[in-house]
There are 2 protein chains.
Amino acid sequence: MSGRARNLLVAQSGGPTAVINSSLVGVVEEAGHWREIGTVIGAERGIKGVLEESLLDLSAEDAATLAALRYTPSAALGTSRHKLRPGDLDRIVDVFEKYDVGYFCYIGGNDSMDTASRIGALAREKGYDLRVIGIPKTVDNDLVETDHCPGYGSAARFVASTLRDAGLDTEAGASSTPVKIIEIMGRHAGWLTGASALARERPDAAPQLIYLPERPVTVEDIIGDIDRVVRRLGYAVVAVSEGVRDPEGSFLAAVSEAVDAFGHRQLGGVSAYLANRVTEATGLKARFEKPDTMQRASTALISPVDAEEAYEAGRAAVRAVLEGHSGQMVNLIREPGPNYRVRTGLVPLEKVANRERLLPPEFMADPEEGVTEAFLAYARPLIGPPLPPHGRLARHPIRR
Amino acid sequence: MSGRARNLLVAQSGGPTAVINSSLVGVVEEAGHWREIGTVIGAERGIKGVLEESLLDLSAEDAATLAALRYTPSAALGTSRHKLRPGDLDRIVDVFEKYDVGYFCYIGGNDSMDTASRIGALAREKGYDLRVIGIPKTVDNDLVETDHCPGYGSAARFVASTLRDAGLDTEAGASSTPVKIIEIMGRHAGWLTGASALARERPDAAPQLIYLPERPVTVEDIIGDIDRVVRRLGYAVVAVSEGVRDPEGSFLAAVSEAVDAFGHRQLGGVSAYLANRVTEATGLKARFEKPDTMQRASTALISPVDAEEAYEAGRAAVRAVLEGHSGQMVNLIREPGPNYRVRTGLVPLEKVANRERLLPPEFMADPEEGVTEAFLAYARPLIGPPLPPHGRLARHPIRR
């Protein structure tokens, strides 16, 4: 380590999550301890902020702001989905040089890991001294080479809690509206849709049906499944991935591109589409819920485990650059043993970049189960403490 | 009071809420203290359970179940929207006689208060000794003769928290998707949509636009408003009532009845419709959220104030029948003074039955404000403690 302090630049990329700010605070707070690091510079809107020199002095933020930000969803620096254009990489390295950035921490998904990796490579080529570390985040949980991604646990807690509540609500009102279809994020990977199974605390509890994007299904199959569950239980709560596909590989929602009487295009999502089709085919009244970005931004349902791991991932990134690492992503490694414990490690960015981890076969089951016990054991610790207990009447009938 | 104990029958009606079970537990626990009351009988699925003699012995439920049920959303007895048919009222009084029901507590909205009132009148006509008390519930907050309704505060807390989170999320991702439209329950009354304004903790915070069902508006107006806000702030979060109407009185969502390529009818709700129209007209990418029944059933966002008041309303109903009252609804009366305090009172069922309380003019404002300070002062105490604090960067720019 040379004696001269150099600046650390941090940015947030891709979709926000409930805990991407925890990682940011982890970076800022850890960096504050080390004389090797000068100013922590935050780039606004991901790599765009570097290109546009929209830079903030995060070292000047006060401790109370950072403490609150640690439990504030969304991306405080702003984010973007900027696709790199020719010349961007050169420009980025030039900006880094201008602001004496010696360390670059990029919080993002697999696209961002690719960007980080390319920036690191170009700096090396140019002989510019830069250490680059990626910090994983995504509610989709689709990064390879890590047990799970910060952001996933909180989104999973939201999904589990929402499906549990929806089960109670639908069961109570089953005599008027017996079918409820809830659309879950994750266009390719079913990790979040599968987390809906964490809602179940007893046999036959909601969700009674789970449709993963990895498992092709037809609209007719779904209608048949729902009809069967309603005949048996009196109601059905369905968790469906926004990306569920038919056996030909088309999104089910794609066929729902409709046009209203005035010629306006209608895109309501797969849940609205299925609710309409179920009612049409079976006469059963159906409602849908599309929580959309609520899944990734719920203050009330942040998983404390997730927030803590996100924070530690941020801290680990700073320690990694100080130890001389570069071109790596912080990952989460689950320790073997009966109690859930996680430590951070490092994995080369190229191993993560542009790859996508789908649910493995041993985690998937038919729609009535949705996921296996192995998946539940994997996912349960990530959502934090058990959901608050619900009361349920023992139902002692009165003799007629 | 005669010395002979008679049974108390309780039922839940209409849409579930987050705290309708708190009222149920209030009834069961209070009734347990009084020797004048024999068994507390729960009718399943509202008045349907009486007609079908689907009756449960709630006095036999254990204390732990009741304690947990007090904070469990949805309707533990089940509910229905049964329209009374000829002969139903006679049948109900006969069933009450068969099970020696001397007290009837009906938890519901304005329809249910009408039903309760008619049952009381027929019993009187027949000379059957019955005391009837209504317990208000509705997330719509549209009952007259009460300061507010149990169920509203929790739904309002959900809406406020969700809009605050959506503001952060949309602002962070504004460079890719600047518009977010969130559909709020309440087809005729804007109490719940107005509660979205409780999300605002600083100037220009979300929701930037609020559309109430009481205030007619055209799609073109909404598009123009959104475009203007996005030009000024870079993004717009919109709270729109599911029941928003155009100046001719038609629901905006009604014109969105579309048909897909296969002739299937598409009903995505007004939020999906507006998101499509905004993108079409302005080119701005728009997303929508339809939390639907999540608004009335969120365990994580129960307002403790609401849960407590719902419980006390249940207790007050039991005390009212014991004091000889009948044909009344428990209401909530806000005490004057700087600190929020509420006591229960009684109001004749006929004054409440089949009436609907819309937002009064002094609570409504133009879409950019949505509601007035007077509304905020009214609604704020009902959602319980302030939402957990969020951190926000002070944003010290780095000099170029």
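The following questions and answers go through a predicted model of a complex, from its confidence scores down to single residues.

Student: What ipTM does the predictor give the complex?

Tutor: Chain A averages a pLDDT of 95, and 96% of its residues score at least 70. For the complex the predictor gives a pTM of 0.97 and an ipTM of 0.96.

Student: How far apart do the C-alpha centres of domain 1 and domain 2 of chain A lie?

Tutor: The domain assignment gives domain 1 of chain A as 6-151 + 301-352, and domain 2 of chain A as 153-299 + 360-383. Their contact takes 19 residues from domain 1 and 20 residues from domain 2. On the domain 1 side, these are nine nonpolar, seven polar and three charged residues. The C-alpha centres of the two domains are separated by 33 Å.

Student: Which element gives the most to the side of chain A that touches chain B?

Tutor: The contact takes 79 residues from chain A and 79 residues from chain B. By class, the chain A side has 35 nonpolar, 23 polar and 21 charged residues. Among the elements of chain A that each supply at least two residues to this side are α3 (63-69), α9 (270-282) and α6 (152-172). The most comes from one of these, with seven residues: α6(A).

Student: Is A:Ile133 buried or exposed?

Tutor: A:Ile133 lies in strand β5 of chain A, residues 131-136. Leaving aside neighbours within four places in sequence, A:Ile133 is in contact with residues including A:Cys105, A:Ala317 and A:Val330. A residue is buried if 20 or more other C-beta atoms lie within 10 Å of its own. A:Ile133 has 29 C-beta neighbours inside 10 Å, so it counts as buried.

Student: How many residues are in the largest nonpolar core?

Tutor: The members that touch the most others are A:Cys105, A:Ala156, A:Ala317, B:Cys105, B:Ala156 and B:Ala317. Taking B:Ala317 and leaving aside its neighbours within four places in sequence, its contacts are B:Val27, B:Cys105, B:Ile133, B:Ile135 and B:Val330. The number of residues in the largest nonpolar core is 251.

Student: What is omega for the peptide bond from B:Ala206 to B:Pro207?

Tutor: Most peptide bonds are trans. In chain A, a cis bond joins A:Ala206 and A:Pro207, with omega about -5°, and A:Pro207 is in the loop between α7 (191-194) and β7 (209-211) of chain A. In chain B, B:Pro207 is in the loop between α7 (191-194) and β7 (209-211) of that chain. The bond from B:Ala206 to B:Pro207 is cis, and its omega is near -5°.

Student: What is the phi of A:Asp292?

Tutor: Most residues other than glycine have a negative phi. A:Asp292 is found in the loop between β11 and α10 (304-322) of chain A. With 23 C-beta neighbours inside 10 Å, A:Asp292 counts as buried. A:Asp292 is not a glycine, yet its phi is positive, at about 45°.

Student: Where is B:Asp100 placed in chain B?

Tutor: B:Asp100 is a residue other than glycine with a positive phi, near 50°. Because 14 other C-beta atoms lie within 10 Å, B:Asp100 is partly exposed. Its place in chain B is the loop between α4 (88-98) and β4 (101-108).

How values were computed. Residues numbered from 1 in each chain as written. Chains lettered and ligands numbered in written order. Predicted model: local features only at pLDDT ≥ 70, side-chain atom pairs only at ≥ 80, totals over all residues. pLDDT = per-residue confidence, 0-100. Domains from an automatic or database assignment. Contact = placed C-beta atoms within 7 Å. Nonpolar A, V, L, I, M, F, W, Y, C, P; charged D, E, K, R; others polar. Helix = DSSP H or I, 4+ residues; strand = E, 2+ residues; numbered from the N terminus. Core = buried A, V, L, I, M, F, W, Y, C linked by C-beta atoms within 7 Å. Buried ≥ 20, exposed ≤ 12 C-beta atoms within 10 Å, placed from the backbone.
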